[in-house]
Structures are given as C-alpha cells and as structure tokens.
Amino acid sequence: MNIFVSSLSFKTHSEELKQLFETYGEVTSARIITDRDTHRSKGYGFVEMPNEAEANAAINALNGSEQKGRTINVSVARERVERSF
C-alpha cells in the first residue's frame, strides 16, 4: 500500500520517515519529495508498506500525530494521473 504523508518538517529525512513507519510493520520504501533545483524538502513524502493491515494501523496511529513540532497528515496515496499537454 502506498501512503502519502504531508506537513512534515523540512528537516525530516527519508530514513527517519522509514523508521517512524517501521514501528507498525515492514516498510518497502520511504522517500521525501525534494525540489528538483534546490534539493530542499517539499514537506511531504511517500511510504510503501506491503501489508495492508499494518499500513492501515500506521495510518490510523500517525495521522494527526506530532513529529518534530508539526502535526502530520497521513492517508492512502491516490493514484497518479498522467497529464498530456
């Protein structure tokens, strides 16, 4: 299951995000999205967990929790929509 995490501290690193979710089960990947030019965090990221029950437990426990002084939002990630111009 792909999980969307927003309102993260700009100082949060991917490894910290992974460790936060590993409390609830196996994490396949965790990544913070960064600006292409400045390489600074955009304040959100994605976590992939293969077990749906563990992923739902993580979402329920972490949504609205405080991490590094910020209240984070955690939800199931929506599918990416391809745009054509």
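In this predicted model, the buried residues of helix H1 are covered by elements that include strand E1, strand E2 (29-34), strand E3 (41-48), helix H2 (52-62), strand E4 (66-67) and strand E6 (73-76). Helix H1 spans residues 14-22, and its buried residues are Leu 17, Leu 20 and Phe 21. These residues lie on the same side of H1, because they cover an arc of only 90 degrees around the axis.

In helix H2 the buried residues are Ala 55, Ala 58, Ile 59 and Leu 62. Their directions span an arc of only 100 degrees around the axis, so they are on the same side of H2. The cover over them includes E1, H1, E4 and E6. On the face turned away from this buried side, H2 carries the exposed residues Ala 53 and Asn 60. The start of H2 is marked by Asn 51, a side-chain oxygen of which comes to within 2.9 Å of the backbone nitrogen of Ala 53. After H2 comes Gly 64, which has a positive phi, near 85 degrees.

The largest nonpolar core comprises 17 residues. Ile 3, Val 5, Leu 17, Phe 21, Val 47, Met 49 and Val 74 have the most contacts inside this core. Two or more residues are given to the core by each of E1, H1, E2 and H2. H2 supplies the largest share, 4 residues.

Strand E1 covers residues 2-6 and contains Ser 6. Ser 6 has a relative accessible area of 15% and is therefore buried, the limit being under 20%. Beyond its neighbours within four places in sequence, Ser 6 is in contact with Gly 43, Tyr 44, Ile 72 and Asn 73.

The loop between E3 and H2 holds Pro 50. Although Pro 50 and Met 1 are 49 residues apart along the chain, their C-alpha atoms are separated by 5.7 Å. Pro 50 touches Met 1 as well as Glu 26 and Thr 28, when residues up to four places away in sequence are not counted.

Definitions and conventions
Residues are numbered from 1 along each chain as its sequence is written. This is a predicted model: local features need pLDDT of at least 70, side-chain atom pairs count only at pLDDT 80 or more; totals for chains, interfaces and linings use all residues. Side-chain values use heavy atoms; hydrogens and water are left out. Buried means under 20% relative accessible area, exposed over 50%, partly exposed in between (1.4 Å probe, protein chains only). Contact means heavy atoms within 4.5 Å. The arc is that of the directions from the helix axis to the C-beta atoms. A polar contact is a pair of N or O atoms within 3.5 Å; within protein, one must be able to donate a hydrogen and the other to accept it, and residues adjacent in sequence count only if both atoms are side-chain atoms. A nonpolar core is a set of buried Ala, Val, Leu, Ile, Met, Phe, Trp, Tyr and Cys residues joined through side-chain atoms within 4.5 Å.
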